[in-house]
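Student: I'd like to learn to read a structure feature by feature. Could we start with how elements pack against each other?

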Amino acid sequence: MESVSILISAHFFTFILLGLVGALGLFLIFRGQKSYWILFYLLLWFPLENLVLRYAPIKYYSYIKYLPEILLYCTFFISWIRYIIREEKILPKNPLNKWLLIFVGVCAVSFFLNEYRATVWVLGMRQILRFVTVFYVVLFEDYNRLIKQRLILLGGAMVALQGALGLLQYAVGGWLDKYLFFSGSVAVSDGARLPAIEQFWASGTRIFATMGRYDRLGSFLALGVAVLFPWLYVLKDKWKILYWGALVICLSALVLTYSRASWLSALGALAVIGILIM
């Protein structure tokens, strides 16, 4: 948290200027009813973020890292305010509300039991919550069916891409690790250094694709499999070959992450979805 404070103070006016430009851009996008283009960009960006940052110039590192995140939360709050004004309700009714509350509650219990630092706890939740934030933006804006299908198709394609890259990473025995892994330890300004991610596992034993850590990839694949699973019941026959191929790739990659938490998450999600569909 201290390093982030130093970073903000060192680039205060730059962030203010970028914030004003971003606010104007968001205003024009929402006025033109094109806010879904932000979600398209973010669905492409989040899985590839770590790889892009690995090769990003240090001079622009902090902007590349934090501005998409700021864009997401600005989009979320603008969509939320628009929804409240339009519908005169705080949240739309959907099954995720109670599960999200349970998730945050479990995380809060974990925070106290494990005595995490607040910043570590928040950043850990961020990996999942930012995808949940995208889901709520879709609910708030109530896009038409075609746009929703395109968002799911793009998300599914990114999940399959990460799974395929993970399988390739495993097949070549860790040779790609040196090109994909990025510790994240970067001096972004005088006295400000972002903490490193340690690769404590042996090279070639766990896959992580472009996401930096095996558990991040596992969480992403588990979430993707849970979202894509119900489509098995509505897809036309000509698409089912591609669907099964993508599902096999994702499940195989999920196993090779050796992330037990992700395995349990995927199994739990599939079990609940299966029960609800039946």
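Student: How do α3 and α7 lie relative to each other, roughly parallel or roughly antiparallel?

Tutor: Before we answer, note that this is a predicted model, in which local features need pLDDT of at least 70 and side-chain atom pairs count only at pLDDT 80 or more, while totals for chains, interfaces and linings use all residues. Residues are numbered from 1 along each chain as its sequence is written, and side-chain values use heavy atoms, leaving out hydrogens and water.

Now the general idea: an axis is a line fitted to C-alpha atoms, for helices over the stretch in contact, and the angle runs from 0 to 180 degrees between N-to-C directions. Under 35 degrees counts as roughly parallel, over 145 as roughly antiparallel, 65 to 115 as roughly perpendicular, and the rest as oblique. Here the axes of α3 (residues 36–54) and α7 (residues 145–171) come within 10 Å and cross at roughly 10°. The two helices are therefore roughly parallel to each other.

Student: Which residues in α3 meet which residues in α7?

Tutor: Contact means heavy atoms within 4.5 Å. From α3 come Tyr-36, Leu-39, Phe-40, Leu-43, Leu-44, Pro-47 and Leu-48, and they meet Ile-147, Arg-150, Leu-151, Leu-154, Gly-155, Met-158 and Gln-162 in α7. By residue class, this contact divides into eleven nonpolar, two polar and one charged. The classes work like this: Ala, Val, Leu, Ile, Met, Phe, Trp, Tyr, Cys and Pro are nonpolar, Asp, Glu, Lys and Arg are charged, and the others, Gly among them, are polar.

Student: Let's step back to the fold. How many helices and strands does the protein chain have?

Tutor: Both are DSSP runs numbered from the N terminus: helices are H or I with at least four residues, strands are E with at least two. The protein chain has eleven helices and two strands. From the N terminus on, the order is α-α-α-α-α-α-α-α-β-β-α-α-α. Among contacts between residues at least 6 apart in sequence, 70% join residues at least 24 apart.

Student: What share of the residues counts as buried?

Tutor: Buried means under 20% relative accessible area, exposed means over 50%, and partly exposed lies in between (1.4 Å probe, protein chains only). Of the 278 residues, 38% count as buried.

Student: Which residues have the most contacts inside the largest nonpolar core?

Tutor: Such a core is a set of buried Ala, Val, Leu, Ile, Met, Phe, Trp, Tyr and Cys residues joined through side-chain atoms within 4.5 Å. The largest one here has 44 residues, and those with the most contacts inside it are Leu-39, Tyr-143, Leu-151 and Leu-221. The elements giving it two or more residues are α3, α4 (61–87), α6 (118–141), α7, α9 (214–228), α10 (237–256) and α11 (260–277). The largest share, eight residues, comes from α3. As for Leu-221, leaving aside neighbours within four places in sequence, it is in contact with Val-159, Gly-163, Cys-250, Ala-253, Leu-254 and Thr-257.

Student: What about Leu-96: which residues is Leu-96 in contact with, leaving aside neighbours within four places in sequence?

Tutor: They are Val-132, Phe-135 and Tyr-136. Leu-96 lies in α5 (residues 96–114) and is partly exposed, with a relative accessible area of 24%. Leu-96 and Tyr-136 are 40 residues apart in sequence, with 9.3 Å from C-alpha to C-alpha.

Student: How should I read backbone angles, and what is phi of Asp-142?

Tutor: Most residues other than glycine have a negative phi. Asp-142 has a positive phi, near 50°. Asp-142 lies in the loop between α6 and α7 and is exposed, at 57% relative accessible area. Tyr-258 also has a positive phi, about 55°, although it is not a glycine. The loop between α10 and α11 holds Tyr-258, which is partly exposed at 38%.

Student: Finally, what separation in Å do the C-alpha atoms of Arg-206 and Thr-257 have?

Tutor: They are separated by 5.1 Å, though 51 residues apart along the chain. Arg-206 lies in the loop between β2 (192–194) and α9, and its 23% relative accessibility makes it partly exposed.
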